[in-house]
Amino acid sequence: MQRIYRGREGMISWALHRLTGLGVLLFLLIHIADIYVVAYGPEEFNSLLFIYHNIWFRLMEVLLVGALYYHAVNGVRIILIDFWDGAVLIQRKLWYGGIIIFFLTFIPTAILMLRPVL
Amino acid sequence: MLSRGGGRARPVEGNGFEVFSWYFFRVSGLLLIFFAILHVVIMHVVNTVDEIDYAFVADRWGSPFWKVYDFLLLTLALLHGVNGARVSIEDYVRSAGWRTLAMTTLWVTAFVFMVIGAMAIVSFDPAAFEAAHAGR
């Protein structure tokens with residue numbers, strides 16, 4: 001049973017869901033800390049923004065948005081399977097459908113996010 | 001109850017907190033699809049990080065609508081994320097000592113970030129800041 005399950009769509013989607021979730025949580029904590037600096041006024045806040053304009057940080061942000069989109073699409077798949085019996089029967093189609101939705105939304109978003117540096 | 005192959009199995013009835021957590025995960029997740037993705041689209045697709053500075057934030061938080069929006073986003077995202085980290089710790093951190101340390105760190109972090117996040121949004125008042133620093 002375990003040998004058959006290991007590495008299939010269900011396990012990959014589960015692992016990615018946890019990984020993307022924890023990644024987004026980590027960014028959320030950083031983001032709360034940076035927005036807290038807004039209370040110290042314009043000079044202090046604006047002086048931190050070089051971080052967001054750094055090319056590597058921009059690429060990390062694109063990754064973050066990818067993680068968020070994946071987590072959202074896969075979350076809907078999980079909820080469908082939890083509450084709708086029919087979804088259990090088409091769970092693999094739901095997974096591949098989700099992957100397609102992910103790429104259709106993520107690729108245009110990534111291009112638009114990077115447009116100032118492309 | 002066995003997992004149906006999606007996410008975690010729904011906890012057995014009678015375990016009040018875990019059942020609540022299971023439903024909260026799904027309800028907050030659905031709400032966050034709207035709140036978090038609209039936030040990302042406004043901040044990174046409609047605008048880009050090049051346009052975002054203090055004036056941008058001050059303009060946005062001048063509106064009670066966006067203050068409420070951001071407060072809901074903060075609360076839902078932090079609770080949803082911390083709940084996910086909690087479940088992951090329970091799954092992967094097996095030794096009692098490390099688990100206590102991880103859980104304590106998690107809840108302290110959650111509390112501190114909830115407080116500073118809420119303070120940042122609720123207390124934001126650019127007019128008061130300018131008045132206090134006028135003539136500096």
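This is a predicted model: local features need pLDDT of at least 70, side-chain atom pairs count only at pLDDT 80 or more; totals for chains, interfaces and linings use all residues.

Residues are numbered from 1 along each chain as its sequence is written, chains are lettered from A and ligands numbered from 1 in the order in which they are written, and side-chain values use heavy atoms, with hydrogens and water left out.

Chain B has five helices and zero strands, where helices (H or I, at least four residues) and strands (E, at least two) are DSSP runs numbered from the N terminus. Its pattern along the sequence reads α-α-α-α-α. Of the 136 residues in chain B, 46% are buried; buried means under 20% relative accessible area, exposed over 50%, and partly exposed in between (1.4 Å probe, protein chains only). Contact means heavy atoms within 4.5 Å. Among contacts in chain B between residues at least 6 apart in sequence, 59% join residues at least 24 apart.

Two helices of chain B show how such packing looks. Helix 3 (residues 64-92) and helix 4 (residues 96-122) of chain B pack at an angle of about 175°, with their axes 10 Å apart. Axes here are lines fitted to C-alpha atoms, for helices over the stretch in contact, and angles run from 0 to 180 degrees between N-to-C directions. Helix 3 and helix 4 of chain B are therefore roughly antiparallel (angles under 35 degrees count as roughly parallel, over 145 as roughly antiparallel, 65 to 115 as roughly perpendicular and the rest as oblique). On the helix 3 side the contact includes B:Phe71, B:Leu74, B:Leu78 and B:Val82, and on the helix 4 side B:Met103, B:Leu106, B:Trp107 and B:Phe113 are among the residues met. By class, this contact of helix 3 with helix 4 of chain B has 16 nonpolar, two polar and five charged residues. Ala, Val, Leu, Ile, Met, Phe, Trp, Tyr, Cys and Pro count as nonpolar, Asp, Glu, Lys and Arg as charged, and the others, Gly among them, as polar.

B:His80 also lies in helix 3 of chain B and is buried, at a relative accessible area of 13%. Leaving out residues up to four places away in sequence, B:His80 touches A:His71 as well as B:Phe24, B:Phe25, B:Ser28, B:Gly29 and B:Leu32.

Next come the aromatic rings. Rings of Phe, Tyr and Trp (its six-membered ring) pair if their centres lie within 6.5 Å; planes under 30 degrees apart count as stacked, over 60 as edge-to-face and the rest as tilted. By this rule there are 17 aromatic pairs over all chains. The ring centres of A:Tyr52 and A:Phe57 are 4.8 Å apart and the planes are at 65°, so this pair is edge-to-face. A:Phe102 and A:Phe106, with centres 5.2 Å apart and planes at 15°, are therefore stacked. Both lie in helix 7 (residues 91-113) of chain A, four residues apart, about one turn of the helix. A:Phe102 is buried at 12%, and A:Phe106 is buried at 16%. In chain B, ring pairs link B:Phe34, B:Phe35, B:Phe65, B:Trp66 and B:Tyr69 into a cluster. B:Arg60 lies over the face of B:Trp66, at 4.4 Å from the ring centre (a charge sits over a ring if NZ of Lys or CZ of Arg is within 6 Å of the ring centre and within 35 degrees of the ring normal).
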